[in-house]
Amino acid sequence: MITQFRQTVRANLAKPEVRANFYRAMDGLMTRRLDQFPDKAELERLRTQSMAIRANALSKLPELLETLEANLIRNGIQVHWAETAEQGNQIVQAILERHNAKSIIKGKSMVSEEMGMNHFLETLGIECLESDLGEFIIQLDGETPSHIIMPAIHKNRIQIAKLFHEKFPDIPYTEDVDELTQMARRILRDKFYATTVGLSGVNFMVAETGTLCLVENEGNGRMSTTAPSVHIAVTGIEKVVESLSDVPPLLSILTRSATGQPITTYFNMISGPRKAGEKDGPEEVHLVLLDNGRSNIYSDPELLATLRCIRCGACINHCPVYVRIGGHSYGTVYPGPIGSILEPQKAGLDVHGELAQASTLCGACSEVCPVRIPIPSILNRLRYDGVRKDTSNTHTVGSGKRRTLSEAATWKTWAWAATHPTIYHAGSTLATRFKGMLPTNLGAWTTVRSAPKLAESTLHQQVKNLGVDHE
Amino acid sequence: MPPIPDTIYFFGTCLVDLMYPQAGVSAMQLLQRAGVKVIFPPAQTCCGQPAWNSGYRDEARSVARAQIALFPKPIPIVIPSGSCAGMMKVHYPELFAGQPDEAQAVDVASRVYELTEFLVDVLHIELRDLGEPLTVAVHTSCSARREMGVADKIESLLGQLSNVQRVEHARKPECCGFGGTFAVKEPEISAAMVLDKVTHIRNAQPDRLISQDCGCLLNISGTMAKQGDAIPHQHIAEFLWERITPHPNLPPQGGKGQEAHPAQASSSPPSPLAGEGLGMGGKFGGQSS
Ligand code: SF4
């Protein structure tokens, strides 16, 4: 039986234009990242430092969240806790209703994607307008992001030009990137002033000062958080860091790992609503802190490393699976290696557990991860949780749900044979002797490969003539 | 610099046993010729990695436990595969964490070397190329590259061969798409990966493809064979042995290999032939570790 995931993968592998778009984009991103780290030793030092900062924050997460909340409140920021995506959406809905807002303008926020916020609000008749260029493009086309930092990366310039022309027929057709960008900016700019509520994500929350940091390139983040009279920030509870001095190293490795930029065009530090006598800024600032399965991940000392993620996307950019199947194949909000460890833990191994399987464990992801998340080890652990018989020692949602009797029996038999050398070697010898009788069609293996050829005799047989010691 | 041991254990791996025995034979011949006595525990089967990577840890552990028992002496364990070496070196300690025999697993792990790593870092092997001019493409397995961190060893060994020219292919560090059971569980993605790998290697037009891992070779060469016109491929050990032995027309083949090189029938001390193709650099000679 072919899984839904494999069907989607098949369909997407058969789209040469999309594959070419991903290849081109990922190649560019990998090169740009490399150019930012000419000194390998310095990179490794910075990765270790960044890992330590994130690990430290997670080691005292409950306390830091309390400190953060207290300092945010002191700064005049209203704090809301949401255990589920649904609760998060209801909090946003309540704020909008209080202000009688019929629309919302959004900066880029993967957590809002995670909450399915646009869909939720649109069913209430509230218009959501994405102001990040990439998000704007995919919203026009009714799509979801295919990458966490470059949501429209699956499209090339020509496809975007055609889309704009189709959606805005009054504006002359152009394939010029700058003109296309200007076009989007003009459309969006008026909306910023006409909309009461702006929404954004958060990159780092500083517990010590109660500051929300936002990293972006287009200025739409600054507009979304300053022009409307109400700003709602949404993020996951894990994004907290202890002190202000933790931010510069993380920021530096984030932008260099993500887009290969030494620094982004904009870096916003939001420390409260407009104060008396100030001329601009929102009158209200809200922060919605989403759990949505994070506490459960937090409770496992090994899986906890998942929460170190600073969402740079480098693991995605370097993944040989992602570059071929593209972000939409995963069927999840977060694609690529980070998605393959995060989504099965959030939704359950029975729902997205196959993603843990869709990896060769090549380690290209963990080699570049700025906070040294051991992604292949976590994938291995999730595979284990998926098929383990005794699930009493794990909190992973859906543990044991991927265990099938036939697969378990196969591995049992294999283990029995491999611990009985005489029988094992008799089997190998027989196999090489009668190799002509072995099947040449080995199902999945032989779709693009010839059947493997067994040797004339095994190493165990040949070694006898070699003058080595047997002990 | 670790001292040069006079005796080592050799773990052949299940894939070499069944598919590429010549790689195992050549590896042991290389070691013997460098003056090292080789012990091949006959009860060895598989390192346990297939089950480990599939999540079947109990089964992996029982197989791993049977292997650990085969290496009691405090001497190196040399493995002609980055993948199996990585399993033993990196994952055995994880697999046995909290188990009664954790200490043995950690001890075995600490003695594991991937073959090219051992030849370069421990034996400081020096090679004299006796073969005809040839171009090769190198595919380094992900486990050799990232888990074991020994990608440079195969390159430095090949770099010693004066008549061998390495040709580089696009996206060289990228995975070939094998991934053990991945190739069967996600065949579409695996196929897309290996087809690209084959294209890149073909574009570089090497005479031969060389790797330190038989899993990758099986995957890449199987794909080339299905397309027709396969580029000849060899495990690094087999290739090195062919290059340094003065029988260019009689590369070791199957069980007959030993007859072509009668000098290798005895292991220690090195036979009179030893050293013909192998500059010994005076670096060994029975020091015990
Ligand atoms: S897992 Fe690491 S590389 Fe991937 S997005 Fe998170 S921080 Fe970046």
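A:R19, A:D27, A:R324, B:R171, B:E174 and B:D196 are linked in a network of salt bridges, a salt bridge being a side-chain nitrogen of Lys or Arg within 4 Å of a carboxyl oxygen of Asp or Glu. This is a predicted model, where local features need pLDDT of at least 70 and side-chain atom pairs count only at pLDDT 80 or more, while totals for chains, interfaces and linings use all residues. Residues are numbered from 1 along each chain as its sequence is written, chains are lettered from A and ligands numbered from 1 in the order in which they are written, and side-chain values use heavy atoms, with hydrogens and water left out.

**Where the two chains meet**

- On the chain B side, 76 residues are in contact with 67 residues of chain A; contact means heavy atoms within 4.5 Å.
- About 6,300 Å² is buried between chain B and chain A, with carbon and sulfur atoms giving 60% of that. Buried area here is the accessible area (1.4 Å probe) that two parts lose on being put together, summed over both.
- Within chain B, the residues that lose the most area to chain A are B:D17, B:Y56 and B:E188, together 11% of what that side buries.
- Polar contacts come to 28 residue pairs between chain B and chain A, both residues at pLDDT 80 or more. The rule for a polar contact is a pair of N or O atoms within 3.5 Å; within protein, one must be able to donate a hydrogen and the other to accept it, and residues adjacent in sequence count only if both atoms are side-chain atoms.
- Helix α11 (residues 187-204) of chain B supplies the largest share of the side that touches chain A, with 10 residues. Helices (H or I, at least four residues) and strands (E, at least two) are DSSP runs, numbered from the N terminus.
- Sorted by class, that side of chain B has 38 nonpolar, 25 polar and 13 charged residues. For this count Ala, Val, Leu, Ile, Met, Phe, Trp, Tyr, Cys and Pro are nonpolar, Asp, Glu, Lys and Arg are charged, and the others, Gly among them, are polar.

**Salt bridges**

- Over all chains, the structure holds 42 salt bridges, and the rule finds nine across the interface of chain B and chain A.
- A:E367 and B:R146 meet through their side chains in a salt bridge, at 2.7 Å from N to O. A:E367 sits in helix α19 (residues 364-368) of chain A and B:R146 in helix α8 (residues 142-147) of chain B, so this pair joins two chains.
- A:E367 is partly exposed at a relative accessible area of 40%, and B:R146 also counts as partly exposed, at 21%. The cut-offs are under 20% relative accessible area for buried, over 50% for exposed and in between for partly exposed (1.4 Å probe, protein chains only).
- Inside chain B, the side chains of B:K153 and B:D121 form a salt bridge at 3.2 Å, N to O. B:K153 is in helix α9 (residues 151-159) and B:D121 in helix α7 (residues 115-122), so the pair ties together parts that are 32 residues apart in sequence.
- B:K153 is buried, with a relative accessible area of 12%, whereas B:D121 is partly exposed at 28%.
- B:E174 forms a salt bridge with B:R171, their closest N and O atoms being 3.3 Å apart. B:E174 is buried, at 14% relative accessible area.

**Aromatic pairs**

- A search of the whole structure turns up 13 aromatic pairs over all chains. Rings of Phe, Tyr and Trp (its six-membered ring) pair if their centres lie within 6.5 Å, and planes under 30 degrees apart count as stacked, over 60 as edge-to-face and the rest as tilted.
- A:F136 and A:F168 are stacked, 6.4 Å centre to centre with 5° between the planes. This pair links distant parts of the chain, 32 residues apart: A:F136 is in helix α8 (residues 133-140) of chain A, and A:F168 is in the loop between α9 (157-167) and α10 (177-194).
- A:F136 is buried, with a relative accessible area of 4%.
- The ring centres of A:W445 and B:F178 are 5.9 Å apart and their planes are at 85°, so that pair is edge-to-face. It crosses between chains, from the loop between α22 (421-433) and α23 (459-462) of chain A to the loop between β6 (164-166) and α10 (182-185) of chain B.
- Both A:W445 and B:F178 are buried.
- One aromatic cluster is made up of A:F5, A:F22, A:Y322 and A:Y330.

**Two buried residues in chain A**

- A:N75 lies in the loop between α4 (61-74) and β1 (77-82) of chain A and counts as buried at 17% relative accessibility.
- Leaving aside neighbours within four places in sequence, A:N75 is in contact with A:T209, A:G210, A:S271, A:G272 and A:P273.
- A:Q462 is in helix α23 of chain A and is buried at a relative accessible area of 2%. A polar atom of the A:Q462 side chain lies 3.2 Å from the backbone oxygen of A:S457.
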